[in-house]
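Visitor: I've got a protein model to look at, and I'd like to know where the labels come from. Can you walk me through them?

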Amino acid sequence: MSKKIENYFELKDVCRSANLWYVGSFMHEFLRKREDWENPDTKNQFVEYMFKNYGGGDNDISGTRTRVNAIIRIIESDY
């Protein structure tokens with residue numbers, strides 16, 4: 001489990017890390033494929049899937065990994 005978001009200001013920073021467009025566009029995909037990113041054995045495959053299908057303009061997978069981790073923090077913090 002990732003570090004919980006404690007307040008609105010932290011939520012705002014996490015949303016900026018993920019990019020609000022990315023959060024709004026792909027939140028449904030994250031909720032639908034929750035088992036894929038919750039499982040440590042398949043999380044990397046999920047990140048690769050998001051990069052290949054919905055890169056969001058990222059030049060390499062590390063940018064997508066940042067976005068994915070930020071959205072996971074939002075979901076796990078119940079925001």
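Guide: We'll go through the labels one by one and set each value against its cut-off.

Guide: First, some ground rules: this is a predicted model, where local features need pLDDT of at least 70 and side-chain atom pairs count only at pLDDT 80 or more, while totals for chains, interfaces and linings use all residues. Residues are numbered from 1 along each chain as its sequence is written, and side-chain values use heavy atoms, leaving out hydrogens and water.

Visitor: What makes F30 and F46 an aromatic pair, and why is the pair called edge-to-face?

Guide: Rings of Phe, Tyr and Trp (its six-membered ring) pair if their centres lie within 6.5 Å; planes under 30 degrees apart count as stacked, over 60 as edge-to-face and the rest as tilted. F30 and F46 are 5.1 Å apart, centre to centre, with 80 degrees between the planes. That angle is over 60, so the pair is edge-to-face.

Visitor: Which parts of the chain does that pair tie together?

Guide: F30 belongs to helix α2 (residues 20-32) and F46 to helix α4 (residues 43-54), so the pair links parts 16 residues apart in sequence. Helices here are DSSP runs (H or I, at least four residues), and they are numbered from the N terminus.

Visitor: How many aromatic pairs are there in the whole structure?

Guide: The search finds eight. There is also one aromatic cluster, formed by W21, Y22, F26, F30, F46, Y49 and Y54.

Visitor: How do you know whether F30 and F46 are buried or exposed?

Guide: Buried means under 20% relative accessible area, exposed over 50%, and partly exposed in between (1.4 Å probe, protein chains only). F30 has 0%, so F30 is buried. F46 has 2%, so F46 is buried too.

Visitor: And what is R16 called on that scale?

Guide: R16, which lies in helix α1, has 57% relative accessibility, so R16 counts as exposed. For an in-between case, take L31 in helix α2: its 47% makes L31 partly exposed.

Visitor: What makes K33 lie over the face of Y49?

Guide: A charge sits over a ring if NZ of Lys or CZ of Arg is within 6 Å of the ring centre and within 35 degrees of the ring normal. K33 is 4.5 Å from the ring centre of Y49. R67 likewise lies over the face of Y22, at 5.2 Å from the ring centre.

Visitor: Why is α2 called oblique to α4?

Guide: The two pack at an angle of about 135 degrees, with their axes 13 Å apart. Axes are lines fitted to C-alpha atoms, for helices over the stretch in contact, and angles run from 0 to 180 degrees between N-to-C directions. Angles under 35 degrees count as roughly parallel, over 145 as roughly antiparallel, 65 to 115 as roughly perpendicular and the rest as oblique. The value for α2 and α4 falls among the rest, so α2 is oblique to α4.

Visitor: Which residues make the contact between α2 and α4?

Guide: Y22, F26, E29, F30 and R32 of α2 meet F46, Y49, M50 and Y54 of α4. Contact means heavy atoms within 4.5 Å.

Visitor: What makes α1 and α5 roughly antiparallel?

Guide: The axes of α1 and helix α5 (residues 61-76) cross at roughly 150 degrees and come within 8 Å. That angle is over 145, so α1 and α5 are roughly antiparallel. Among the residues that meet are L11 and V14 in α1 and A70 and I71 in α5.

Visitor: How are α2 and α5 set against each other?

Guide: Their packing angle is about 70 degrees, with axes 11 Å apart. An angle from 65 to 115 counts as roughly perpendicular, so that is the label for α2 and α5. The contact includes V23 and M27 of α2 and V68 and I72 of α5.
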